[in-house]
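Take a walk through this model, one element at a time. Keep the sequence and the 3D view side by side.

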Amino acid sequence: MAELLHGDDPEPCDRFPAGPLYVPVRPGPSGCAARLFRTPLGDRTAVGFTSERRPAATLGPGRRWIRLAEPALRAPTAPLGVTAVTVGPRFTARAAASVTPVAPAGHETSALRIA
């Protein structure tokens, strides 16, 4: 067995390539596009799952996905400034619902939509 030198020892946070992933996609004008998500801190990230069941379990049934290797997922997202890939997130937050405030009677106001 080869001994690792100090400079070759990976950091605990370094991840090895994840291999083929199940990547959530949405239809686009040129075919499918990888869906991008946000981390809890608000950074954009691409997402991949390691099993076929995980996208439906996390995002809900009926979601489209494609198989991509991690480098193939990073390639189209890098020009968008997305450098992170999250593998196998356990849960997602629902999209914020639109809210239309009710104006008091006799007051004109434009509808305010929060999305």
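The paragraphs below go from the overall layout to the sheets, then to a helix and a pocket.

This is a predicted model, in which local features need pLDDT of at least 70, side-chain atom pairs count only at pLDDT 80 or more, and totals for chains, interfaces and linings use all residues. Residues are numbered from 1 along each chain as its sequence is written, and side-chain values use heavy atoms, with hydrogens and water left out.

Start with the layout. The protein has 2 helices and 6 strands. Here helices (H or I, at least four residues) and strands (E, at least two) are DSSP runs, numbered from the N terminus. Read from the N terminus on, the elements go β-β-β-β-α-β-α-β. Of the 115 residues, 19% are buried. Buried stands for under 20% relative accessible area, exposed for over 50%, and partly exposed for what lies in between, with a 1.4 Å probe and protein chains only. Among contacts with a separation of 6 or more, 64% link residues 24 or more positions apart. A contact means heavy atoms within 4.5 Å.

Now turn to the sheets. Strands of a sheet pair through backbone hydrogen bonds, either parallel or antiparallel. In this account, two strands pair if DSSP finds at least two bridges between them.

β1 and β2 form a hairpin with 2 residues between them. Their antiparallel pairing covers 4 bridges. Gly 28 stands opposite Gly 31 in β2. β1 also pairs with β5 in the antiparallel sense, over 5 bridges. Tyr 22 has Arg 67 in β5 as its bridge partner.

β3 and β4 run antiparallel, joined by 3 bridges. Arg 38 has Arg 44 in β4 as its bridge partner.

What about α2 itself? Helix α2 spans residues 70–77, and Glu 70, Leu 73 and Thr 77 are buried in it. They cover an arc of only 65° around the axis, which puts them on the same side of α2. The arc is that of the directions from the helix axis to the C-beta atoms. An α-helix has 3.6 residues a turn, so residues three or four places apart point the same way. Pro 71 and Ala 75, on the other side of α2, are exposed. The buried residues of α2 pack against β1, β2, β3, β4, β5 and β6.

Glu 70 has a relative accessible area of 11%. Glu 70 and Val 23 are 47 residues apart in sequence, and their C-alpha atoms are 9.5 Å apart in space. Val 23 stands opposite Ile 66 in β5. Thr 77 has a relative accessible area of 3%. Leaving out residues up to four places away in sequence, Thr 77 touches Leu 36, Ala 46 and Val 82.

Which residues line the second largest pocket? Val 25, Arg 26, Cys 32, Ala 33, Ala 34, Arg 35, Leu 36, Ile 66, Leu 68, Pro 76, Thr 77 and Leu 80 do. A pocket is an open set of points on a 1 Å grid over the protein atoms alone, where a 1.4 Å probe fits, with protein on both sides within 12 Å along at least five of seven lines; lining residues have an atom within 4 Å of a point. β2 gives the most to this lining, with 3 residues.
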